[in-house]
Amino acid sequence: MRVLVNNEIVHREDVRIDFEDRGYQFGDGIYEVVRVYEGEAYELNEHIHRFYRSAKEIGITPPQSKNEMKSNIEDVITENKLLEGGIYFQMTRGVAPRKHQYEKEIEPKLIAYPLYFTRPEKQQNEGVSVLTADDLRWHRCDIKSLNLLYNIMMKQKAHDSGSFETIFIRDELVTEGTSTNVFMIKDNVISTHPADNNILNGITRMKVLHLLNEEHIPYEEKSFTKQELLDADEVFITSTTSEVMPVLKVDEQVIGNGLPGILTKRLHSLFLHDIK
Ligand code: PDD
């Protein structure tokens, strides 16, 4: 495997990560997962834009321009001959003696490498079940931070119970999943949590809203309660890896008629059309 380390692409064996890297010690860094379809990074500009935004919010200056990062990531795809999967990229604040506060001069560490996976077609066709849990995360979920401890705890809980995802509830309202955004449909109106500090504004979420606009399908960026979610006609979740995924059960309760919804399926096919 070939890995981008700052401005250089090297063999995996030659990547050196220091144990005093603040990403390793504090989770002091940010990341992105971008989808690769047929050798092309999907919505790469949008991912890089979000990456730079996250970096700015935590005060890290990326070691290269957006255009340089774009061409470096494209080189990682080419050098690894990646056709289907994704690119993971992350940037940490860099290496320094361990203390919470940091000097501004530390050199950030950027890495990017391929992830090998395919579309989860079975789950997309058949739908999935999800759990719910209190959203005990911090209030800056808009930053794509490396700190994913609560997200992984709750994803693991879902996984252990045979569910696909855990959906978070904060102050009675549905925010998002551990690694997905949540949509519900009631009487043909689609709702999803507004893009504020309590969710990550998903690239897939934004694409779905764009498709809804284009198709003149009514939607609102308005939060809803767990009860409204349970009473929905259709529920689906979105992410780079899941695309548009129908949810058939929430906490063992069946949603709608218990089958992947018609509008959900239509949105997924519009999405698949868009990636072509
Ligand atoms: N997760 N919300 C959270 C908390 C996420 O971590 C993600 C993405 C999303 C969906 O965003 P997008 O549509 O841009 O993928 C929403 C990635 C895929 C991950 O951590 O693997």
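Which residues is Y88 in contact with, leaving aside its neighbours within four places in sequence? I put this to the model, which is a predicted one, and found that Y88 is in contact with Y31, V33, A112, Y113 and L115 once those sequence neighbours are left aside.

I then looked up where Y88 sits, and its place is in strand β5, residues 85–92.

Next I turned to the domains. The assignment for the protein chain gives domain 1 as 2–115 and domain 2 as 121–275, and I recorded 27 Å between their centres, taken over C-alpha atoms. Across the boundary, 20 residues of domain 1 are in contact with 10 residues of domain 2. On the side of domain 1 that touches domain 2, β3 (29–37), α2 (44–58) and β5 each supply at least two residues, and the largest share, eight residues, comes from β3. I sorted the residues of that side into seven nonpolar, seven polar and six charged.

Last, I went to the ligand. Of the 14 residues around the ligand, those that come nearest are L200, G202, I203, T204 and T240. Both α6 (203–214) and β13 (234–239) supply at least two residues of the shell, with the largest share, three residues, coming from α6. By class, I noted three nonpolar, nine polar and two charged residues in this shell.

Note on methods
Residues numbered from 1 in each chain as written. Predicted model: local features only at pLDDT ≥ 70, side-chain atom pairs only at ≥ 80, totals over all residues. Near = placed C-beta within 6 Å. Helix = DSSP H or I, 4+ residues; strand = E, 2+ residues; numbered from the N terminus. Nonpolar A, V, L, I, M, F, W, Y, C, P; charged D, E, K, R; others polar. Contact = placed C-beta atoms within 7 Å. Domains from an automatic or database assignment.
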